[in-house]
Structure formats: C-alpha cells, structure tokens
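Visitor: Could you take me through a close look at the helices in this structure? I have not seen it before.

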Amino acid sequence: MSKAKRQMPDSSGRAGVAHGEAGRDPVSDEACGPSHEHQGTGSAKPRAGAGSLLEVALTRENLQAAWKRVKANKGAAGVDGLDIEHTHRLLQTTWPQIRQELLAGKYGPSPVRRVMIPKPDGSQRELGIPTVTDRLIQQALLQVLQPLIDPTFSDHSHGFRPGRNAHDAVKAARAYVQSGKRVVVDVDLAKFFDRVNHDILMDRLKRRIPDTAVLRLIRAYLNAGIMDGGVKVERDQGTPQGGPLSPLLANVLLDEVDKALEARGYSFARYADDSNVYVGSKRAGERVMAWLRELYGKLGLQINEAKSAVGSAFGRKFLGYELWVAKGREVKCKVAQKAMGNFKARIRQLTSRSGGRSMAQVVQGLRPYLLGWKGYFRMAQTPKVWRELDEWLRHRLRALQLKHWKRGTTMYRELLALGARADVAHRVAANSRRWWRNSAEGLNAVLDIAWFDRLGLPRLS
C-alpha cells in the first residue's frame, strides 16, 4: 500500500464528537469517495463483475484511498501501540495474510483502547481508539458503504454526512422558527454511542446490506470489546466513538426515527444524537416528546431528560447556537451562553500569566483555537459581541506582556522603544504590578491592533 494523504477539518462541526478517525477533535465527517462507485438507492449491491462488497472494499485502489485518509487524520495508536508509520511498515509484510483472513471471515479485530475525554462541564466522554490497521479496514468499508446508504437517509439529518454539517442544521432550525414554529422539542439521547443495541443495529443493517461477509465483519467490530487498564471488557451494546464506521452506523439506527417524523410531516433537524422538532404550540410539543420516547425506546435508546425539554425556540441552544429576534422580526443566530463561557474559559487557560512562554508562543497557541472557533461560529449575527471578545482578548494579552516585562524600568524602556510617549510609559511603569488595570487606556495606543496583527493574532470581528 502506498503511503500518502480528520480534523479533517477543522471544519466547523460540533466540538466533542468524534467524526471518524480516532483521537481527533471532531469536526468533519470521515467520508471520502470510494474507488468504485456503486449505483443504488437503498440496499448496497455491487456492480456486475465487481465481486462482493467486501472484495470491492479490499481492492488496491480503495485501500490506497483509505490509507491516505487514515494517515491524514493522524490518529493515536490503538492497543497494539503502533502509530501510523510503524503500522505502515508492518502492513507491507502482513497485509496479504490479513486480507486473506478478511475474505475468509476469520479476521478478528483488536479491542479498542479506551480514552476518557474531559468535557467543559466536568463530565467525561468515552472515546474508543481502534488500531491503525482496524481504522484502515473500517475506512475502506466506509468508502464503499457510504455512497450506497447515505442517499437513503432523511434530508433532515445533517451529522456525519458528506456535503452536510452543523451549519446546515442550524440554518434549517432558524428557517422553521422564522416560519412561525416558535416551540421546540429539544431531544438529546442519553449516552447514545454507549447504548446502541447490537442486535437492533445489525437488523437495520441487514435491510440495507445484503452482503453477509460485510455484515459479519461489522458484527466483529461491534463485539471487539474495549481494553481498559490492560483488561479486555466485553460489550454487547455500544459503538465507541473513534472508529470511521461509528458515525455511519449511528445514522443507520437513527434514520428510523427521522423517517417516522417525516411521515407525519414534522419540521425537524438532527445532527448525530441531537434532534430538534419545531411545532406551533407547547401542547403539540408535549405530544411529540411522548411519541419520541416511544420511538427511541423501541430502538433500545433513552432520552436524556435532564438535557431534553419542550420550550421556546429562543430559550434553547442547538449545536452551540441560540436564536434571537432582531428588528423587523427577523430570526438570527448568536453564540449560546454556554459555548461563550467555554470559549472564555479556554482563552484564560491559553493566556495564563504563569505559563513561562513568550508572547509569540502564546499567540501561536491561540491561533488554531481562535480560527477553529471563529470558523464554527461564523453564522453568529452579533458583530458587537465579536468586537467585545476581541477587546477582552487583547486586554488579557497586554496584561500578559506587562508581566513578561516585570519591572517598571523594563516596562519604561520597552514602551519607549515601541513609540510610546514618555508620560504614558512613566504612568505604566509606576504601576508595574497592577497588570490588568494597567493594560488599558494609554497602553492601547502602544500595544495596538496593528501590533497584535504583526504577531499573527487572528481577529474575531
């Protein structure tokens, strides 16, 4: 296999959800076009003469494309401890045997490595990291299965799908509210990826994939278990986030609820396990919520009652956004308060005045986070908020620079060198230990926006 090409983006997707490759920040979907496009509208059927779906997935061309994707995603090592380069060298000699085992139905996937990712609210999200070899095989399967299955999904589903993202879901939500549906049934599933019932999922897959070899291999991945502290934990439910196939499998299961909502003509948008249904009254919303509990219950899933509710569309967040009404009754988007709080907490960490880093190093650490956050929340229609965030961030960095200079004499000398008036430099130097209060007013004209631009600090506004 040749060497070569998540976040694939830093595409703006929802943070905190793995979109395919293990150990990545989640933002874009782990999907790329297969080597051999199959025509079909429902079940996955290989072209005449192409062999089984598994054989198509294991063709050299498809595997090369899959390897480029896995390599580009730079995921962490699995339970075998082998990273991308070590796995590449190993596969040059072991791949023929692995391929033979796959085609014979004898391949046994390795358990995934459990990693707990802290959330801003103090809780943890479980991530299961497959070995690089298993990520390669799953990616090869995904490239064949996704073009066949994805077209059958509901148009109201936006997560983990090629050409769709969280922004599409937010735009749909805004359009529903603008049309007058001001009550939302906000549904969040409790530990969805941990509670996927294997038997129910395989039953839904059989309706779409009449290839026993592929189904057998997917079942093997579901049953591979998790390695935790050196002990293998068997599982009869759950599809751990971190593998390329998990998002597609999640959509297969949840599409059943999407189709039921469509059949009744409801206005809704879903991204992964977050689903919002928009109705005209709270009474109608309560009926929908009760019905959804029943639908999800049949799939072995539970609604997270603490995070789900029926209420005003202007009082609930969706994928980090909130809606508000501007002049002329136009519905617009803004960053949700919780997302804003998480942003400021992260900025405080990155600009800590006890890190022992130069200003250039601090700015370089800020750049990827600021650019990713700005890209995701670019739909927010609150220019004043963006300007205030810029001012707050520069204020923090000015205080940090003052602390770097430490002594009043150093401050005085450096400020003069930057072109400050003598009285301004003297006033700042005379209050050398009051970094936050001292980093405003006169200092703004010296450590101005152009100074930060030269350092490479991105602007939010």
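Guide: Helices here are DSSP runs (H or I, at least four residues) and strands are runs of E (at least two), numbered from the N terminus. The model is predicted, so local features need pLDDT of at least 70 and side-chain atom pairs pLDDT 80 or more, while totals for chains, interfaces and linings use all residues. Residues are numbered from 1 along each chain as its sequence is written, and side-chain values use heavy atoms, without hydrogens or water.

Helix 4 (residues 132-149) contains Arg-135. Because its relative accessibility is 0%, Arg-135 counts as buried (under 20% relative accessible area, 1.4 Å probe, protein chains only). Its C-alpha atom lies 8.7 Å from that of Leu-245, 110 residues away along the chain.

Helix 10 covers residues 282-298, and its end C-alpha atoms are 25 Å apart, which agrees with the 24 Å that its 17 residues should span (1.5 Å times one less than the number of residues). Its buried residues include Val-288, Trp-291, Leu-292 and Leu-295. The buried residues of helix 10 pack (heavy atoms within 4.5 Å) against strand 3 (183-188), helix 9 (246-263), strand 7 (274-279) and strand 8 (309-312). After helix 10 comes Gly-300, with a positive phi near 75°.

Helix 11 (residues 337-350) packs with helix 12 (residues 359-376) at about 165°, the axes being 10 Å apart; axes are lines fitted to C-alpha atoms over the stretch in contact, and angles run from 0 to 180 degrees between N-to-C directions. Helix 11 is therefore roughly antiparallel to helix 12 (an angle over 145 degrees). Among the residues that meet there are Phe-343 and Ile-347 in helix 11, and Leu-366 and Tyr-369 in helix 12.

Key:
Buried means under 20% relative accessible area, exposed over 50%, partly exposed in between (1.4 Å probe, protein chains only). Angles under 35 degrees count as roughly parallel, over 145 as roughly antiparallel, 65 to 115 as roughly perpendicular and the rest as oblique.
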